[in-house]
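Below is a note on the model you sent, arranged as numbered points. Please read it with the sequence and the coordinates open beside it.

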Amino acid sequence: TYREFNLDRDNMTGDIDRTSYTDYTIYMEVQPSEKYDKLVKVGQLDIGDAEIFMPAMLNETTTGTIISIRPKINDEVVWKSIRYRIEKITFERIGTYEIFADCYCKNLDNV
């Protein structure tokens, strides 16, 4: 499930309001990091975090409903009852065409 947030700020505190969101069921590949994975740069992925691959433009859900969303930082992915926040996105391309988004995601908690 891709969770798109309406990232408005609270007028009183200036904090991001994370209570307003929309869930979309989409196709993606989730690769959780495990303790036997190769080491990466410090701070990139901890055990339990995930690297998630999804389309560069989310055009439709798994049921065929048309949507038009571009993955963005601070949105979330819920996979197997684990919630991940997108921390870094690299849009991979071939020539001028964006093919997919490579997202580094932090494990927030279990739903």
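**Notes on the predicted model**

1. Asp10 sits in the loop that joins strand E1 (2-5) to strand E2 (21-24), where helices (H or I, at least four residues) and strands (E, at least two) are DSSP runs numbered from the N terminus. This is a predicted model, in which local features need pLDDT of at least 70 and side-chain atom pairs count only at pLDDT 80 or more, while totals for chains, interfaces and linings use all residues. Residues are numbered from 1 along each chain as its sequence is written, and side-chain values use heavy atoms, with hydrogens and water left out.

2. On the overall fold, the protein has nine strands and zero helices. Of its 111 residues, 30% count as buried, a class that means under 20% relative accessible area, with exposed being over 50% and partly exposed in between (1.4 Å probe, protein chains only). Among contacts (heavy atoms within 4.5 Å) with a separation of 6 or more, 50% come from residues 24 or more positions apart. The accessible surface of the protein is about 7,500 Å², and 51% of that belongs to carbon and sulfur atoms; accessible areas come from the Shrake-Rupley method with a 1.4 Å probe, and for residues only the protein chains shown count as cover.

3. Patches are made of residues with over 30% relative accessible area and no salt bridge, like charges being joined within 9 Å and nonpolar side chains (Val, Leu, Ile, Met, Phe, Trp, Tyr) within 5 Å.

4. A nonpolar patch on the surface is formed by Ile94, Tyr97, Ile99 and Phe100, which together have about 440 Å² of accessible area. Strand E9 (residues 97-110) gives the most to this patch, with three residues. Tyr97 lies in strand E9, and Tyr97 counts as exposed because its relative accessibility is 62%.

5. How many salt bridges are there? The count comes to eight, a salt bridge being a side-chain nitrogen of Lys or Arg within 4 Å of a carboxyl oxygen of Asp or Glu. One of them pairs Arg3 with Asp23 at 2.8 Å, N to O, and this pair links distant parts of the chain, with Arg3 in strand E1 and Asp23 in strand E2, 20 residues apart. Arg3 is buried at 14% relative accessible area, whereas Asp23 is partly exposed at 37%.

6. Glu98 deserves a separate look. Its salt bridge with Arg70 has the closest N and O atoms 2.6 Å apart, and it links the loop between E6 and E7, where Arg70 lies, to Glu98 in strand E9, 28 residues apart. Glu98 also forms a salt bridge with Arg93, the closest N and O atoms being 3.2 Å apart. Elsewhere, Glu4, Lys72 and Asp75 are linked in a network of salt bridges.

7. Asn74, in the loop between strand E6 (66-69) and strand E7 (76-79), has a positive phi near 80° although the residue is not glycine. Ser81, in the loop between E7 and strand E8 (82-94), is likewise a residue other than glycine with a positive phi, near 65°.
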